[in-house]
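Biologist: Before I rely on any label in this model, I would like to hear how each one was reached. Could you show me the structure and then take my questions in turn?

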Amino acid sequence: LSLWGYKLRQMWLHPILDFSLPPQTLYTRLPAWQLLDSPDTLNLDSSPLVLIAPGGYPEAGVEADGEDNFPLPPALAYWRQQTGDQRDILTGGEVHGYLIHHFQQQHFILPIPDLWLVLLVALLHKAWTLHRPKNRETHPPKREIKVIFYSVGGVVYGVISWQLYITAQILLPWLFPLLTWGLLSLPAPGKSRRDNGAKPQKY
């Protein structure tokens, strides 16, 4: 599906980097001057893989925008705050560090496209409206009940998507499917109880 999507200029099911993992548990950053001053600092027995890449300090010469620097993801910014790292850019070497870890550990996060879930939600909502009981058409639930049902459903869907992300490494979109269900649940403009099949009141 990914290879077929590339032909349509779509990134369907293309794995993404998981920056929720703290970088200090994936690799060890070592500046070049420290390695030159103390070659014994590099322990090849515990870390047989060494990646040489510039960036991360002014002497590297790649500090300007576009010079192998990228915007800092929020998750990685959080981990840097925990260690006192004030850098506000993501270097290409660190990106490759995450890539190498994901490849070695087979840690691939598959994002499900938003459009797929939006279409699925639309079909499920249509099936639900066609098979719902007749009394719900003549006596629709109160607005408060709809809000509670929608809120609880959103929380349950969020927990399910979060659990899939942790256990199966599948990332489900959250916002647009919920908005789609909510918009489809709204009554049509100008629709009244009489349009829903309710009998007109006699006075």
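Modeller: Among contacts in the protein chain between residues at least 6 apart in sequence, 66% join residues at least 24 apart. Please keep in mind that this is a predicted model, with eight helices and four strands in the protein chain.

Biologist: What makes L179 partly exposed rather than buried or exposed?

Modeller: L179, which lies in helix α8, has a relative accessibility of 40%. Buried would require a value under 20% and exposed a value over 50%, so L179 falls in between and counts as partly exposed.

Biologist: Which residues form the nonpolar patch on the surface, and which helix gives the largest share of the patch?

Modeller: The patch is formed by Y150, W174, L175, F176 and L179, which together have about 500 Å² of accessible area. Helix α8, residues 175–185, supplies the largest share, namely three residues. A patch residue needs over 30% relative accessible area, and L179, at 40%, therefore passes that cut-off.

Biologist: How do you know that R29 and E94 meet in a salt bridge?

Modeller: Their side chains come to 3.9 Å, N to O, and the cut-off is within 4 Å, so the pair qualifies.

Biologist: What makes E94 and R80 a salt bridge, and where do the two residues lie?

Modeller: The N to O distance for E94 and R80 is 2.9 Å, which is within 4 Å, so this pair also meets the criterion. E94 is in helix α4 and R80 in helix α3 (residues 74–83), and the pair links distant parts of the chain, 14 residues apart. Both of these residues are buried.

Biologist: Why is R87 called buried, and with which residue does its side chain form a salt bridge?

Modeller: R87 has a relative accessibility of 17%, and since buried means under 20%, R87 counts as buried. Its side chain meets that of D85 in a salt bridge at 2.9 Å, N to O. Salt bridges that share partners join R29, R80, D85, R87 and E94 into one network, and the structure holds four salt bridges.

Biologist: Turning to the rings, why is the aromatic pair of W4 and W12 called tilted?

Modeller: The structure holds six aromatic pairs. For W4 and W12 the rings are 5.8 Å apart, centre to centre, with 45° between the planes. Ring pairs link W4, W12 and W116 into a cluster.

Biologist: How do you know whether W4 and W12 are buried or exposed?

Modeller: W4 is at 51% relative accessibility, and because exposed means over 50%, W4 counts as exposed. W12, with a relative accessible area of 17%, is under 20% and is therefore buried.

Key: Residues numbered from 1 in each chain as written. Predicted model: local features only at pLDDT ≥ 70, side-chain atom pairs only at ≥ 80, totals over all residues. Heavy atoms only, no water. Contact = heavy atoms within 4.5 Å. Patch = residues over 30% accessible without salt bridge, like charges linked within 9 Å, V, L, I, M, F, W, Y side chains within 5 Å. Areas by Shrake-Rupley, 256 points an atom, 1.4 Å probe, with all protein chains shown as cover. Buried < 20%, exposed > 50% of the residue type's maximum accessible area, 1.4 Å probe, protein only. Phe/Tyr/Trp six-rings, centres within 6.5 Å; stacked < 30°, edge-to-face > 60°.
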